[in-house]
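Have a look at the fold below and keep it open while you read.

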Amino acid sequence: MKSTLKKSYKKIRRYLKKFDRFQILTIPVIILLIVFSIDFSSKNIKVGIVLPLSGNFSSRTQSHLNGIKLAVKHINDLGGINKGNIILKIKDCDKIDTAEATRDLIYKDKVSIIVGGFSSEDTRIIQYLSEKALIPFLTGICTHFETAKATAYTFRTITDDQHQFEALSAHSSNRYQVKRPAIIYDNDLYGAESAQRYIEICSKHSQQVTNAVSFPKGTINFRDYLGSLFKTKPDSLVILAPAADSALIVRQAKDIGFNKPILGANQCASREFLHLAGAYSESVVTTLPYNPRAGGQKFDSFLSEYQETYGYKADFDAATGYESIMILALALKSIPENNLNLRDSLATLQVWDSIIGSGGFDNDGNQVRPAEIAIIKERQTIPISMEELF
Amino acid sequence: MINTPYEKKKKYFSTNKTATTIFVTILVIAILVFIFKSTNHKKNDSLQISKYKSFSNTPQINSNKKTLESIKHFSAENRGQKNISIAFSQILATPPVNDIKVDQYKRVWIATEKGVYKLENDELTAFTQENGKYPFSQATCIESDGKYIWAGSLFGICRFNESGKFVNETNSFPLPSNVIWDVLWDGEQLWISTQKGVAFFKSSRIDNLINGITSDNTTEDNSTEDNAAHILDKTTTNNGLRSSWCTKIARYSIPAHSNWLAVTHDNGLSVLNLAFPAADPRSWKNIDHAKSYISRPIHDMIYDGSNIWLGTPTGLMMINTKLRDFPGNFSTEMISFSELHGLPSNNINSMVYHKNTIWLGTSNGLARLRNNQIQIISDISGKKPENIRKLALQGDGDNITLLWIGTDSGIQFINLQTAD
């Protein structure tokens, strides 16, 4: 055995003696060159999703997630981005703490970006962690007015509450000559800050809020709250509350005999609200984060494919979920072209055209698309601009 | 026959010409590839440092910046503001800095996004998960209690021990959450602010916990009760502390008057008079975001011996009520300073107070507030920092000499004596 080894060693030595030292030196240089040239790192892009998927808001967040998944499927089916596929890492922040979920995505899964949010508190936690870790955070579902303000790494593809409230207040003033609205808001999702913001916006349109009351989470009977509001004789009711609560409020307000305009934030445009409020939803005026017709044929294709894949009609949460990933894809695609990192690439997206129309980020990373106003007719949200067609 | 070395060389190169050419060509290609790759890498690095949402080369932003500049100059001229230039040290490269602490041995401890770094005798030592000297992938905060160095992370708490490593102490300490945002030693107790409340431990208890004794009282039955009594959150304070997601903590003392615990959190600021029970909500003074128009989150707070100052994303705020008057005359009225007053950025990330001067670390450089004047600090030598994440002083009382500055890319310092 030893002699065989010795023989082969001698053979190799004899063979190598045929070459001079330069030729032998070339071998490690070539190896180094090959090793250095090949990019061994995976080109797949890990996207972290943090959403409350199993609690009270699961109907909306699942719909949003479906939109995200459909967008990822489309991107990956077309060969991915820059030769890499998008891989989703999903965390349900109803099951684990939002801070821990976000932390694990950033530091353990090493995702390139976090997408999601929903409630203002969850969104603030994700934003805080992302900003510290210098990881971009993109939300297509949280509309709270504070999000993405004075931040460097936070971006929002959905039109925020500030824009929605302004549109709602302006419309109520122009169309219904509302002067004395009353506000009912929840303590959890919108809170006193959003109500305060609405009151400030009202004053711009010469509206004087007669009363604003809040109710705690889990309230079922709103008659006492509505009673105290109606004592001040308002000429309209503004509801800033989650979809299920909004549906109960609308039902009970109409049962009491309130027949003046009822206005709601985008929660009233959700599938959940329409389902729970039923016939009571008729004539409720709501904001829409976008006009469904603005996307044209692209939106129709999205609707039909969504219906085919998930078995029910896509709502605005699904569409905004789809849009947020497509915006991310645009930013990712331009990274090698412009030699930018992902955050800077997102910041350059000042104009885009998506399935729900054109949009863009402002200097804060906030959506510039104006909010649409819709009226509910026969359990469908109809944009005001198209009302006469129905 | 070839005899001279020159002839040998000539013969050698003539016979091995092809091999030499191949070798040289490959070498040149390798060098070119290396240069190309490294310049590309540098380009990416420099872009990552850029913090602003938009680029300076986009026309829209240029115009915005111009407007801001003109406001600044307008404000500066009108207020007699004078900016100053001082020498900045070279930047010592580290991952993005979250916290800095200088201990009694003048060792500079730096908590970063990749672990802890120690600067001692001009030598920078890394304690990271990769080199096995730090248990977590990230460090949020760092503190020295005179005996131990404590590092808080989003994954728990750890302690620098005799073996020269940080050891995970998360399981030894009954914490309300492993997500830790701040650690503070006040001379008697270690305060740890977490995602779900503030925990505090007396020095005598710390050693017991490290050694596996879960309670001061060694009986098993009392241990749980004892642990629970050391946590302040929304529930245990009966809503005195308005939110359990606590970030910065500070202890302020007015000699022969009162002792205070200040906690910033998701709802604003809560300040507890330590002479009264924390469970009584009347012991707490609160400044809520919604009522006081403070932007979330509060990044930092300081006490100038009279008032509490808050650093927020939309400027610097001073609580108008003096801390001394909190018990009888508390009001949430604030005085604010912003870019309109001459700040380099509204986003105040960190602050320190020294000799009637508040030093401000902002997203757009260093500034100071002295005698009601804001001065922007520019560089006479070295490179002035851009996005400042943390400021820290080195020294005690009148012997404070250095101001350490932590940024996205490392740490540097200025000599405060030259600034004066």
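## Ground rules

Contact here means heavy atoms within 4.5 Å. Helices (H or I, at least four residues) and strands (E, at least two) are DSSP runs, numbered from the N terminus.

This is a predicted model, where local features need pLDDT of at least 70 and side-chain atom pairs count only at pLDDT 80 or more, while totals for chains, interfaces and linings use all residues. Residues are numbered from 1 along each chain as its sequence is written, chains are lettered from A and ligands numbered from 1 in the order in which they are written, and side-chain values use heavy atoms, with hydrogens and water left out.

## Helix α8 in chain A

Start with α8(A), residues 223-230. Its buried residues (under 20% relative accessible area, with exposed over 50% and partly exposed in between; 1.4 Å probe, protein chains only) are A:Leu226, A:Leu229 and A:Phe230. These three cover an arc of only 90° around the axis, so they sit on the same side of α8(A); the arc is that of the directions from the helix axis to the C-beta atoms.

What covers them? The cover for the buried residues of α8(A) includes strands β6 (181-186), β7 (211-215) and β8 (236-240), plus helix α9 (243-256), of chain A.

## A glutamate in a loop

A:Glu146 sits in the loop between β4 (137-139) and β5 (154-156) of chain A. Its relative accessible area is 18%, so A:Glu146 counts as buried. Leaving out residues up to four places away in sequence, A:Glu146 touches A:Arg124, A:Glu193 and, over in chain B, B:Arg296.

## Two open sheets in chain B

Now for chain B. One open sheet has 4 strands in the order β11-β12-β13-β14, paired antiparallel; two strands pair if DSSP finds at least two bridges between them. Its edge strands, each pairing on one side only, are β11 (180-185) and β14 (231-232). β13(B), residues 197-202, joins β14(B) over 2 antiparallel bridges, and B:Ala199 stands opposite B:Ile231 in β14(B). Helix α4(B), residues 203-210, lies across β11, β12 (189-194) and β13 of chain B, at about 95° to β13(B). Such angles run from 0 to 180 degrees between N-to-C directions, with axes fitted to C-alpha atoms, for helices over the stretch in contact.

The other open sheet is antiparallel too, with 4 strands ordered β15-β16-β17-β18 in chain B. At its edges are β15 (246-254) and β18 (284-288), and neighbouring strands are turned by 15° against each other on average, direction ignored. Inside this sheet, β16(B) (258-265) and β17(B) (268-273) pair antiparallel over 6 bridges, with B:Ala262 opposite B:Val271 in β17(B).
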